[in-house]
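Q: I would like to learn how to read strand pairing, helix packing and salt bridges in a model. Can we work through an example?

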Amino acid sequence: MGWPVRVRSPPVLQSKLLCLSLLYLLTTLPPALYVSFTDPGRRGCIRLLPFPSPPKPLFRYPPGYGEHRHALPTPRALCSNPVAFADYKTALEEIHGLCRNTSASPTLRYQSGRRVTFAGNFSTEKRRFFFNHIDDRVAIPCGFFREFPVPEHDRLAMDKCRGVVVASAIMNDYDKVRQPRGLGAETLRTACFFLFIDDATRRVLARQGILPARGARGGGGERTAVGAWRVVTLGGRRAGDRRLPYEDPAMNGVVAKHLLHRLFPNARFSVWVDAKVQLTVDPALLVHALLVHEGVDVAVSRHPFNRHTMEEAIATARWRKCRDVDAVRAQMETYCANGLQPWSPSKLPYPSDVPDSAVIIRRHGMASDLFSCLLFNELEAFSPRDQLAFAYVRDHMSPKVSINMFEVEVFEQIAIEYRHNLKPAGGRRGKQQQGGTRMASSRDIAGSSCEGYLLKMWGESAD
């Protein structure tokens with residue numbers, strides 16, 4: 001009678017957590033090394049000429065801060081339409097020439113006064129009324145019906161930005177402070193860099209030694225800088241202080257993201273950068289190549305996966321990108337009832353209905369400012385997911401806005417994208433977001449205002 005033989009896997013393989021960790025390391029380490037050690041100008045989708053850059057690091061972070069942890073892989077290395085950037089000095093001179101041009105051009109008038117919400121809480125019909133802007137004397141609702149509490153010394157500095165402004169925001173400690181890379185020697189002197197944060201983020205950064213605490217020397221009514229960024233702390237600490245307009249931190253970030261033309265009334269160009277993103281190309285080169293050279297009002301990357309608005313709405317509900325799925329459903333029903341159509345070749349030159357809005361480059365002027373105002377009104381009405389309102393506003397507004405929706409492969413080589421903070425130092429964010437999430441139900445589309453949209457998107461419509 002033989003002895004039973006038992007074959008056991010090595011102890012190191014018995015831990016599921018360890019195996020998953022090793023798998024994650026093996027799949028993310030090669031692209032992370034590629035991003036870290038490859039010169040952006042040598043990759044396939046962008047062509048950069050060498051130029052002088054600042055000799056010293058912009059900021060030295062305390063050990064353990066981890067501003068470069070959790071970079072997302074970028075598997076796409078080639079593209080069909082590479083972007084060739086001009087010489088740095090040439091681009092800078094041309095942008096400065098455009099900024100010095102003070103010739104009169106039409107500007108928007110904005111509604112003022114005080115209403116129940118920051119954007120006015122207008123009905124769908126009232127919001128749509130302003131889509132057709134044929135009379136420059138008509139004032140447009142564009143936020144600021146309630147206060148956006150920027151400290152006075154920061155507001156004065158913002159008014160002095162007359163060229164290119166680069167802006168970002170971190171609300172509720174959702175991301176890290178990341179320094180832009182690839183800056184030219186003159187960029188820090190000629191461009192403005194502003195990072196908006198709330199008080200929750202300020203407290204965490206003070207504990208980590210990134211910023212002085214409020215009330216400490218350097219933390220009160222004087223300029224606070226972290227490397228390239230001038231840090232603007234919004235709101236206050238006590239109930240009697242000036243409050244932010246929204247309970248949702250994401251909506252407070254959206255104010256800075258889409259109303260830069262109002263926060264920086266004298267700037268001619270802006271580059272918005274989500275805090276999860278680190279720029280790797282000088283913003284002046286981005287403005288020149290993707291905006292000025294193309295002769296457009298706005299430049300933004302197309303989405304890497306979704307082309308139709310409904311695809312993005314379904315993904316938003318499926319991956320819990322919005323806490324209120326019913327609001328997303330109501331938003332899509334409203335848009336379908338008011339003429340939203342799936343993407344088709346008839347919408348060219350727009351190659352997609354869904355942007356990746358982590359980086360937005362704007363020429364401040366009538367068309368882009370109107371687009372930003374109309375888009376922001378939709379975001380307050382429904383949700384801060386700006387991809388869902390993008391095509392609805394773009395396709396229905398008049399006058400039209402010209403948009404360069406460049407390839408996602410270009411985006412991946414002008415910026416590095418990181419994951420959001422996995423364990424917020426505040427300790428409450430993840431629980432709050434998951435607790436309010438309601439998953440979508442699988443209802444029949446019959447009778448829905450989006451029935452025709454979905455049939456066209458699926459290629460089953462007789463039209």
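A: Strand E5 (residues 164-170) pairs with E9 in the parallel sense, over four bridges. Within that pairing, Ala167 has Trp272 of E9 as its bridge partner. Strands (E, at least two residues) and helices (H or I, at least four) are DSSP runs, numbered from the N terminus. Two strands pair if DSSP finds at least two bridges between them. This is a predicted model: local features need pLDDT of at least 70, side-chain atom pairs count only at pLDDT 80 or more, and totals for chains, interfaces and linings use all residues. Residues are numbered from 1 along each chain as its sequence is written, and side-chain values use heavy atoms, with hydrogens and water left out.

Q: Which strands does E12 pair with in the antiparallel sense?
A: The general idea comes first. Strands of a sheet pair through backbone hydrogen bonds, either parallel or antiparallel. Here, strand E9 (residues 269-273) runs antiparallel to E12, joined by five bridges. Trp272 is paired with Ile360 of E12. Strand E11 (residues 298-302) also pairs with E12 in the antiparallel sense, over five bridges. There, Ala299 stands opposite Ile361.

Q: What is the order of the strands in the open sheet?
A: The sheet has eight strands, in the order E7-E8-E6-E5-E9-E12-E11-E13. Its pairing is mixed. At the edges are strand E7 (225-226) and strand E13 (403-406), each pairing on one side only.

Q: Why is strand E12 described as largely enclosed?
A: Read burial from relative accessible area: buried is under 20%, exposed is over 50%, and partly exposed is in between (1.4 Å probe, protein chains only). Strand E12 (residues 355-363) has eight of its nine residues buried, so the rest of the structure largely encloses it.

Q: At what angle do helices H7 and H12 pack?
A: Two packed helices are described by the angle between their axes and the distance between the axes. Helix H7 (residues 249-258) and helix H12 (residues 366-381) pack at about 170 degrees, with axes 10 Å apart. That angle makes H7 roughly antiparallel to H12. Axes are lines fitted to C-alpha atoms, for helices over the stretch in contact, and angles run from 0 to 180 degrees between N-to-C directions. Roughly antiparallel means over 145 degrees.

Q: Which residues make the contact between H7 and H12?
A: H7 supplies Met251, Val254, Val255 and His258. H12 supplies Ser372, Leu375, Phe376, Leu379 and Glu380. Contact means heavy atoms within 4.5 Å. The contact residues divide into six nonpolar, two polar and one charged. Nonpolar covers Ala, Val, Leu, Ile, Met, Phe, Trp, Tyr, Cys and Pro; charged covers Asp, Glu, Lys and Arg; the others, Gly among them, are polar.

Q: How many salt bridges does a search of the whole structure find?
A: The search finds 14. A salt bridge is a side-chain nitrogen of Lys or Arg within 4 Å of a carboxyl oxygen of Asp or Glu. Take Asp386 and Lys257, whose side chains meet at 3.1 Å, N to O. Asp386 lies in helix H13 (residues 386-396) and Lys257 in helix H7, so the pair ties together parts 129 residues apart in sequence. Asp386 and Lys257 are buried.

Q: Are Arg189 and Glu186, which form a salt bridge, exposed or partly exposed?
A: Their closest N and O atoms are 2.6 Å apart. Arg189 counts as exposed, at 63% relative accessibility. Glu186 counts as partly exposed, at 31%.

Q: Which residues are linked in a network of salt bridges?
A: The network links Lys347, Asp353, Arg394 and Asp395. Asp353 and Arg394 are both buried.

Terms used:
Angles under 35 degrees count as roughly parallel, over 145 as roughly antiparallel, 65 to 115 as roughly perpendicular and the rest as oblique.
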